[in-house]
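Biologist: Please show me the model. I want to ask how its labels were assigned.

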Amino acid sequence: MPAVSKGDGMRGLAVFISDIRNCKSKEAEIKRINKELANIRSKFKGDKALDGYSKKKYVCKLLFIFLLGHDIDFGHMEAVNLLSSNKYTEKQIGYLFISVLVNSNSELIRLINNAIKNDLSSRNPTFMCLALHCIANVGSREMAEAFASEIPRILVAGDTMDSVKQSAALCLLRLYKTSPDLVLMGEWTSRVVHLLNDQHMGVVTAAISLITCLSQKNPDEFKTCVSLAVSRLSRIVSSASTDLQDYTYYFVPAPWLSCKLLRLLQCYPPPEDGAVKGRLVECLETILNKAQEPPKSKKVQHSNAKNAILFEAISLIIHYDSEPNLLVRACNQLGQFLQHRETNLRYLALESMCTLASSEFSHEAVKTHIETVINALKTERDVSVRQRAADLLYAMCDRSNAKQIVAEMLSYLETADYSIREEMVLKVAILAEKYAVDYSWYVDTILNLIRIAGDYVSEEVWYRVIQIVINRDDVQGYAAKTVFEALQAPACHENMVKVGGYILGEFGNLIAGDPRSSPLVQFNLLHSKFHLCSVPTRALLLSAYIKFINLFPETKATIQEVLRCDSQIRNSDVELQQRAVEYLKLSSIASTDVLATVLEEMPPFPERESSILAKLKKKKGPGAVSVTELDDSKREAGELNGGADRGPDTAAMAASNASTPSPSADLLGIRSAAPVGAAQTNAGSLLVDVFSDSGPAAPSAAVNDDGFLSSAPPSEDPAPPLSEADELLNKFVCKNNGVLFENQLLQIGIKSEYRQNLGRMYLFYGNKTSVQFASFSTTVSCPGELQAHILSTSKPVEPLVEGGAQIQQVLNIECITDFCDAPLLNIKFRYGGALQNLTLKLPVTINKFFQPTEMSSSDFFQRWKQLSQPQQEAQKIFKANHSMDTEVLKAKLLGLGTALLDNVDPNPENYVCAGVIQTKGQQIGCLLRLEPNAQAQMYRLTLRCSKDTVSKRLCELLAQQF
């Protein structure tokens, strides 16, 4: 409601409002309103024409009545008539009434649009702003159709006033959010981007909101905004608080604009231009430095503005994940906030550190704060902060601290809030499985978990422990003994009974030699729990009883007596009755051999995605267990799932990088993999749904000309590779896991491992939106001659990806001969009806098939001389692209796949590596020498390989890594 001045007081309105406020009852108020409505209706219908002031006054009264909650069914035409007035106050009331009361289906919308067009073309800045505000407030599709092409012209016109530009930018943003298909920037794109250079900070602030939204949907069209955003951010960050007086908030220059600029930069990968990237790094370092400075004001507004910029800067550093120094500094800065007295800061610090823990550069720095995080888990009053502390413990966990973290989470679980107990149980179960070296510790942990929080232990958890016990011969006896002792407790949770029934039924014979756990004692212990259990658990126990008859013939009579009693064979539950009758008959008529065959020990379970991990993903959304959370811990192939001849556990593989196992291990499971086109019935189902039906079979897919499974529609051609595809590929030359691609819709993560000439890659597709992806399909192809160098098979993906969900695809790779190009991954799906089609290069490079080779100094230089032909050597001298940090260099060389040889080169500053590239047809020996010159910030890289094409390719790849 506009302010009432002495010259334009609308006394009648003031009296009416006073009368309403003085009403003693609801009935009196309604009576007064009805009287006023009758008066206004008579005035509007009277023969005497009303002047502008009277119309404004009566329209204001109608607006006030509507805001009190009463329906208004007249006066709309009078409000529209006010739009043609030349007086600001009358036009303002008209637009206010239209914005609040007129809907998009009104018959008056054409008249309203005509009035708005007149005001937009009037060049009166005040009238133009009122019209733009009305368009934005209504925001209907009809408005967008009428003005979407006109507003960009006003926005970029040279003679448009700054206040109008601000309104136009925000109005266009509103229309784009409601009707994105109607707002087409086209020729205006570059001119809108250049608004970031506008001298008026208000215009820049409004424009950047529009550009950020447009960039999220069309990043390629607006990628030129990156350099302009960095330039503007640099000027703000380096300015003193007095330089931007009108936009300085409690000694912080333009905090809102700074945050928006940092958020815009998160829509894009790191800048390709070295100068722009260097300037951006300087800005980020300056922001981190300013965070360490003493505050210039004690007021909370100062610290809030300062910290808002800091957290956005840290988010950008995490998004880039390419600057080790900045990542470690960000971690240290967040560590200071962990003990801050402000609860919100502690929460944000914990949340940001969860993401930092996933970076290979900052994981160790995050781990130094473990004691502080554990203390927060125990002492924080706010449950949301405690939950973030639990999330961070989960993210920072690795093999070195797993037992400590699991113990602390179990201890906290006893007093944890009920709202987070189920999630805590899932995390403890995943960590215990993921980092189990001592399997007795794993069994103890899960049984302790059931004891502490049995009601929150889902079926997936106890299914999982059974699967691991069955797949591991060395833990079966200990598991049987431990579960037998656990069942002796007076109060025993039903989930414990389920685990006990299953394990004793399978492996009770392993502890039957001890008189204290003789077969009859085991049976009596289980049967003492029978009457306290639910029907599904009783059914499981009956199955355990018939297993006992096979394992322990001496218990046959006792068990048959139990099965024969009326409470079993005449049970009201059909399932229990049928089991009792069938088991009784089976034990009576079957011979010992037949019984042993029917009731033989359960075979090992097939390897599928861990149902625990799947449940946590579903509970937390795509960010919960994303591929960026995967740590660098190493584990032997199949160590939780038993047997070197089985494929690895996909959940464990989604959680760690495997080290090189023994030669006998089929690390990747490729030798036993189903052939292309074979039915993969277990591909998408849960890992250990022991007692439930298998999940639905994966959808069928066609085999394309290259021999790859593909569910892509054949009529739609794949898009060409993205312009940044090579840059994205180069990020993975020295690492095997991380985020390959991310935009506002989709995140693609990768986890891969290689052994000899075989590789397996896990692709994680995360839907970042709340809208379902339809017709989702992927195709892997090898362009040109690459088909003869690499063989690849992949499983099809589900065609529907729900909002916030993540799906996984497995890709098996075999290197036939050396190669230079990379396979292409094409992704197609429909989002909001529009086809999304993008193509990336998969990070499969020749160095992935390295086997490290240890050598002495004499052996190395002897081999070096043997590879002395000119074509066998590739050398490159280049300027350092990154910090020449010793530890970072070593990590990258090890990530390359070669062995880093110590005390070989006479110059201790140089790095020497050796390895053998394994292909199906031959082995290619490679020697590497890297000579850094810290003073000149230069490198000399020399490679000698037994095959010249490999030398050149490796030299090209490595020169971009240092």
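Predicted model: local features only at pLDDT ≥ 70, side-chain atom pairs only at ≥ 80, totals over all residues.

Modeller: Residues are numbered from 1 along each chain as its sequence is written, and side-chain values use heavy atoms, with hydrogens and water left out.

Biologist: Why is Ala 254 called buried?

Modeller: Buried means under 20% relative accessible area, exposed over 50%, partly exposed in between (1.4 Å probe, protein chains only). Ala 254 has 5%, so it is buried. Its phi is positive, about 40 degrees, although Ala 254 is not a glycine.

Biologist: What makes Asp 321 partly exposed?

Modeller: Its relative accessibility is 23%, so Asp 321 counts as partly exposed. Asp 321 also has a positive phi, near 50 degrees.

Biologist: Why is the contact between Arg 263 and Glu 312 called a salt bridge?

Modeller: A salt bridge is a side-chain nitrogen of Lys or Arg within 4 Å of a carboxyl oxygen of Asp or Glu. Arg 263 and Glu 312 have an N to O distance of 2.6 Å, so the pair is a salt bridge. The two residues are 49 residues apart, in helix α14 and helix α16. Glu 312 is buried at 13%, whereas Arg 263 is partly exposed at 43%.

Biologist: How many salt bridges does this rule give?

Modeller: The count comes to 37.

Biologist: What makes Lys 841 and Asp 726 a salt bridge?

Modeller: Their N to O distance is 2.7 Å, so this pair also meets the rule.

Conventions:
Helix = DSSP H or I, 4+ residues; strand = E, 2+ residues; numbered from the N terminus.
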